[in-house]
Amino acid sequence: VPEGKVHINDWSLAGVRGIPAGGKLDLSLLGLPPLSMRVRVGRNLADFPLPGAMTKQDRLNMETKMCQAFAKLIAMSQYGGRYHSLTPGHKDHISDAEYQNLVKSHLMFKNMADDPYLATAGISSDWPHGRGCYVSADKGFIIWVGEEDHLRIMCMKTGTLLNEVFDRLKAALDVVESIPGLQFAKSPTFGYVTSCPTNLGTGMRASVHLKVPNLTADGTDKKAKAVCKPLGLSVRGMGGEHTPIGADGTVDISPSARFCIKEAEIIVALYKGIKLLKEREEGKGDNPLCGLVNAAKENPAAAVAGVCVGALVTGLVITRLGRAKK
C-alpha cells in the first residue's frame, strides 16, 4: 500500500470492476450448487477502550449497551431471535450446557481463556464477564460480544447468491449503529479500528466453503493455497484458521485483503476468485503463466507479487542447475 493512501469504505456494488451484468453475484451461473456463504465484520465501539485495555466494568457496561441493539433487532420481524449472555447474573444468562451446544453449532465462540495469545494481549481478561452472542430467529445473523473485538457481526446462509448475505449484513450494521452511543470506532485515514492490525480498514471477511477434491487429492491444502495465493485468496480449513480441510476436499475460501479495498470490492473479488479457482480445479488454465495472466486481470497487485516470486524461484533453479553442471 503506497504511503499516505487513505482507506475508503464503500458497500455500493455500482461500478465495481468485474461485477456481472445486473449486479448479481450468482454462483449457480458458475455451475456451482448451493454453498455455505458467510460475510463478517469486526467492529469496536468508539465509546469504549479496545478489548485489550478494558476493565471488567468496561466489559459489563459494553454488554449492557449492546442489549439496546439486541432489543431493537429482536423486535424486528426480519431478525427476531434472542441474546445469550455468559455473564453470571445477567438476565439472559445461559447454562454451560447451552453454551457448549452453541459452540458445537458454530454459533458461539470458544472459551477465550484457553487462548494464550488473547490472554497475553489482555483481550480474554475477565472471562466470561461481558461476553455473549445474539442469534437471529433463522440463525443466519449473529453478533458476538466481547471476543477479539467488541463485536463480530456476521451473516451466513447456504445458497448461491452472495448478495443476500452481503446486503443483509450491511442493513443490520445500519440498525446497530443507529442507536445512540453505538458508533463504531473509525479512523478517517485507516478505516474501522480493530484489535488485530490485519483486519484494519474494512474488518471484513467474505468466504464460502468450496469442494476442490483435485487440488486437495494429497489430503492437504498445499496445492490449493499455491493456486489461490496469486489470485489474492486465502485458504483455511472448514473450522477456520489452523483447522483441517473436509474429507471431501472442502476448504474455506476468502479474499485476503482487508485494507485499502472497499467492502464491495471484497465480495466481488470472492466471486471472481471462486470462478478462477473452479477453472483450476477442473484443469483449465493449469499453465502457471495462464494463471498469472488471469490473476493480473482480476487482481493486479497480487499478480505482480506472484510474478516476482516466480521469477525469483526460476532464477534460483537456473543457478542451481548451472552449479550442478560445473
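1. **Ground rules.** The model is predicted, so local features need pLDDT of at least 70 and side-chain atom pairs count only at pLDDT 80 or more, while totals for chains, interfaces and linings use all residues. Residues are numbered from 1 along each chain as its sequence is written, and side-chain values use heavy atoms, with hydrogens and water left out.

2. **Main core.** The largest nonpolar core has 66 residues. Such a core is a set of buried Ala, Val, Leu, Ile, Met, Phe, Trp, Tyr and Cys residues joined through side-chain atoms within 4.5 Å. Buried means under 20% relative accessible area, exposed over 50%, and partly exposed in between (1.4 Å probe, protein chains only). Leu 27, Phe 141, Ile 143, Val 208 and Ile 267 touch the most other members. Helix H6 (residues 263-281) gives the most to this core, with 9 residues. Helices (H or I, at least four residues) and strands (E, at least two) are DSSP runs, numbered from the N terminus.

3. **Ile 267 and the second core.** Setting aside neighbours within four places in sequence, Ile 267 contacts Leu 13, Leu 25, Val 39, Leu 162, Phe 166, Met 204 and Ala 206. Contact means heavy atoms within 4.5 Å. A second, separate core has 18 residues, including Leu 107, Phe 109, Ile 123 and Met 154. In soluble globular proteins, nonpolar side chains tend to be buried together.

4. **Ring pairs.** The whole structure holds 10 aromatic pairs. Rings of Phe, Tyr and Trp (its six-membered ring) pair if their centres lie within 6.5 Å; planes under 30 degrees apart are stacked, over 60 edge-to-face, and the rest tilted. Phe 109 and Trp 127 are edge-to-face, at 6.1 Å centre to centre and 70° between the planes. Phe 109 is in the loop between helix H2 (96-104) and helix H3 (116-120), and Trp 127 is in the loop between H3 and strand S3 (132-135), so the pair ties together parts 18 residues apart in sequence. Both residues are buried.

5. Tyr 134 is buried, at 0% relative accessibility. Phe 141 is buried too, at 0%. Ring pairs link Phe 70, Tyr 79, Tyr 83, Tyr 134 and Phe 141 into a cluster.

6. **Arg 43.** Its charged end sits over the ring of Phe 184, 5.7 Å from the centre. The charged end of Arg 43 also sits over the ring of Tyr 192, 3.6 Å from the centre. The test is NZ of Lys or CZ of Arg within 6 Å of the ring centre and within 35 degrees of the ring normal.

7. A cis peptide bond joins Trp 127 and Pro 128, with omega about 5°. Pro 128 lies in the loop between H3 and S3. Asp 126 lies in the loop between H3 and S3 and has a positive phi of about 70° although it is not a glycine. Asp 126 is partly exposed, at 29% relative accessibility. Most residues other than glycine have a negative phi, and most peptide bonds are trans.

8. **Lys 139.** This residue, not a glycine, has a positive phi near 60°. Lys 139 is in the loop between S3 and strand S4 (141-145).
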